[in-house]
Amino acid sequence: IPQDLKFKGEYTTTEVGDNTVIRECVTIHRGTTDKMKTVVGSNCLLMCYVHIAHDCIVGNNVIIANYSGIAGHCIIEDWVVIEGMCGLQQFIHVGEHSFIAGMSQVRKDVPPFVRVAREPLTFAGVNAIGLRRRGTTDETVKIIEDIYRNLFILNNSIPSGVAVIEKEIPDCEEKRKVLDFIKKSERGIIKGPI
């Protein structure tokens, strides 16, 4: 059952997709009245001592390494890699194809296609290696790099970076995904390099 004081024994579930590997001492708690379920997608790898709390939604092909803890209500999209001993605060949203460095404390949303590291957690580049491994073209990786260069390096605020991206980056699926993610973020996104 979930570690949530509001839980009153209502019928909720945990759903785990096909071909997901759950290693020793992993805990996955079922949902509460928020989402009524906790979901882990297909083809994931949850290494030893990973914790996934109530009402989390974990996408497909996600890797979460040893001793990482995912607090309640988090959303982790497809193809995310979370290295060992990371902690995600409740209600965090991690965008697709992102890479979170080991021992990171995640307190803000992590947009798609990036690598994040350091304390406090900041942008460390585009996850170009992971994207290329999954068949993303060099041209698309360059567009993603241009998006984040404008967002985090060339402009002094997220709103000014977004304005430049909207104006100067050609329309494409990756641009739409990044801008939609930023627009929908309730906690705000991670910062650029310090």
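I began with a crossing: α2 passes α3 in a right-handed way. A crossing is right-handed if the near helix is turned clockwise from the far one by less than a right angle, and left-handed if anticlockwise. Helices here are DSSP runs (H or I, at least four residues), numbered from the N terminus.

I noted the source. This is a predicted model, where local features need pLDDT of at least 70, side-chain atom pairs count only at pLDDT 80 or more, and totals for chains, interfaces and linings use all residues. Residues are numbered from 1 along each chain as its sequence is written, and side-chain values use heavy atoms, with hydrogens and water left out.

Next I looked up the geometry. Helix α2 covers residues 138-153, and its angle to α3 is about 150°, with the axes 7 Å apart. Axes are lines fitted to C-alpha atoms over the stretch in contact, and angles run from 0 to 180 degrees between N-to-C directions. α2 and α3 are therefore roughly antiparallel (an angle over 145 degrees).

Which residues in α2 and α3 meet? From α2 I listed Ile 147, Asn 150, Leu 151 and Phe 152; from α3, Ile 158, Gly 161, Val 162, Val 164 and Ile 165. Contact means heavy atoms within 4.5 Å. By class, this contact has seven nonpolar, two polar and no charged residues. Ala, Val, Leu, Ile, Met, Phe, Trp, Tyr, Cys and Pro count as nonpolar, Asp, Glu, Lys and Arg as charged, and the others, Gly among them, as polar.

I moved on to α3 (residues 158-168) and α4 (residues 173-184). They pack at about 150°, with axes 11 Å apart. That makes α3 roughly antiparallel to α4. Their crossing is left-handed. Ile 158, Val 162, Ile 165 and Glu 166 in α3 meet Lys 175, Leu 179 and Ile 182 in α4. I sorted these residues into five nonpolar, no polar and two charged.

Then I turned to the pockets. A pocket is an open set of points on a 1 Å grid where a 1.4 Å probe fits, with protein on both sides within 12 Å along at least five of seven lines; lining residues have an atom within 4 Å of a point. The largest pocket holds about 390 Å³ of space. It is lined by 19 residues, and Ile 75, His 93, Asp 109, Lys 184 and Ser 185 lie nearest its centre. Helix α4 gives the largest share of this lining, five residues. The lining divides into five nonpolar, three polar and 11 charged residues.

Conventions
Helices (H or I, at least four residues) and strands (E, at least two) are DSSP runs, numbered from the N terminus. Angles under 35 degrees count as roughly parallel, over 145 as roughly antiparallel, 65 to 115 as roughly perpendicular and the rest as oblique. Grid points are joined across faces, edges and corners, and a volume is the space filled by probe spheres set on the points.
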